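Reader: Before we look at any particular residue, I would like to learn how to read a model of this kind. Could you take me through the features in turn, giving the general idea and then the case at hand?

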Amino acid sequence: MKILKNAVAGTLESSDLFIQIEPDEKELTLEIDSVVANQYMDSIRAAVLDTLKEFDVSTGKIFIKDKGALDCVIRARMETALKRGGVEAK
């Protein structure tokens, strides 16, 4: 699957994150800006990549501004953004 249109999900409130996705035909670009990057960057990246794998997405641009969101929130926001971007679950 691929991202069909630009979409966003989330907020910039504490314990949440803001995700913006855009179509890209060539590659997968992932940019993460997090206030807890030193401690949790690997976990944040893993949650995002797992969700992309669940939806079989291999190309697109993903921009994330994290304010300390829990894993379940990251996955939910990713799913929402992907569905708003025209991606359907497998």
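Author: Let us begin with contact, which means heavy atoms within 4.5 Å. This is a predicted model, in which local features need pLDDT of at least 70 and side-chain atom pairs count only at pLDDT 80 or more, while totals for chains, interfaces and linings use all residues. Residues are numbered from 1 along each chain as its sequence is written, and side-chain values use heavy atoms, with hydrogens and water left out.

Reader: With that definition in hand, which residues is P23 in contact with, leaving aside its neighbours within four places in sequence?

Author: P23 is in contact with I3, L4, K5, N6 and G60, once neighbours within four places in sequence are left aside. P23 has its place in the loop between strand 2 and strand 3 (28-34), and the C-alpha atoms of P23 and I62 are separated by 9.0 Å although the two are 39 residues apart along the chain.

Reader: Is P23 buried, partly exposed or exposed?

Author: The general idea is a scale of relative accessible area, on which buried means under 20%, exposed means over 50%, and partly exposed lies in between (1.4 Å probe, protein chains only). At 30% relative accessibility, P23 counts as partly exposed. K5, which P23 contacts, is partly exposed as well, with a relative accessible area of 47%.

Reader: Where does K5 lie, and what does K5 touch beyond four places in sequence?

Author: K5 is placed in the segment before strand 1, and, not counting residues up to four places away in sequence, K5 touches I21, P23, R84, G85 and G86. By contrast, K5 and V73, which are 68 residues apart in sequence, lie 22 Å apart in space, C-alpha to C-alpha.

Reader: How many helices and strands does the chain have, and what pattern do they follow along the sequence?

Author: Helices (H or I, at least four residues) and strands (E, at least two) are DSSP runs, numbered from the N terminus. The chain has 2 helices and 4 strands, and along the sequence their pattern is β-β-β-α-β-α. The radius of gyration, taken over C-alpha atoms, is compared with a globule rule of 2.2 Å times the number of residues to the power 0.38. The radius of gyration of the chain is 12 Å, close to the 12 Å that the rule gives for 90 residues, so the chain is as compact as a globular protein of that length. Residues 24 or more positions apart account for 76% of the contacts in the chain with a separation of 6 or more.

Reader: How much of the chain is buried, and which residues have the most contacts inside the largest nonpolar core?

Author: In soluble globular proteins, nonpolar side chains tend to be buried together. A nonpolar core is a set of buried Ala, Val, Leu, Ile, Met, Phe, Trp, Tyr and Cys residues joined through side-chain atoms within 4.5 Å. Here, buried residues make up 34% of the 90 residues. The largest nonpolar core has 22 residues, and those with the most contacts inside it are I19, I21, I62, I64, M78 and L82. Strand 1 (7-10), strand 2 (17-22), helix 1 (37-54), strand 4 (60-66) and helix 2 (71-84) each supply at least two residues of this core, and the largest share, 5 residues, comes from helix 1.

Reader: What surrounds I21, L52 and M78?

Author: I21, in strand 2, counts as buried at 0% relative accessibility; leaving aside neighbours within four places in sequence, I21 is in contact with I3, K5, N6, A7, K61, I62, A81, L82 and G85. L52, in helix 1, is buried, with a relative accessible area of 2%, and, under the rule of not counting residues up to four places away, L52 touches L28, V57, I62, M78 and L82. With residues up to four places away again not counted, M78 touches I19, V48, T51, L52, I62 and I64.

Reader: Which backbone angle deserves attention at S15 and at D56?

Author: Most residues other than glycine have a negative phi. S15, however, has a positive phi of about 65° although it is not a glycine, and D56, likewise not a glycine, has a positive phi of about 60°. S15 is found in the loop between strand 1 and strand 2 and is partly exposed, with a relative accessible area of 46%. D56 lies in the loop between helix 1 and strand 4 and counts as partly exposed at 40% relative accessibility.
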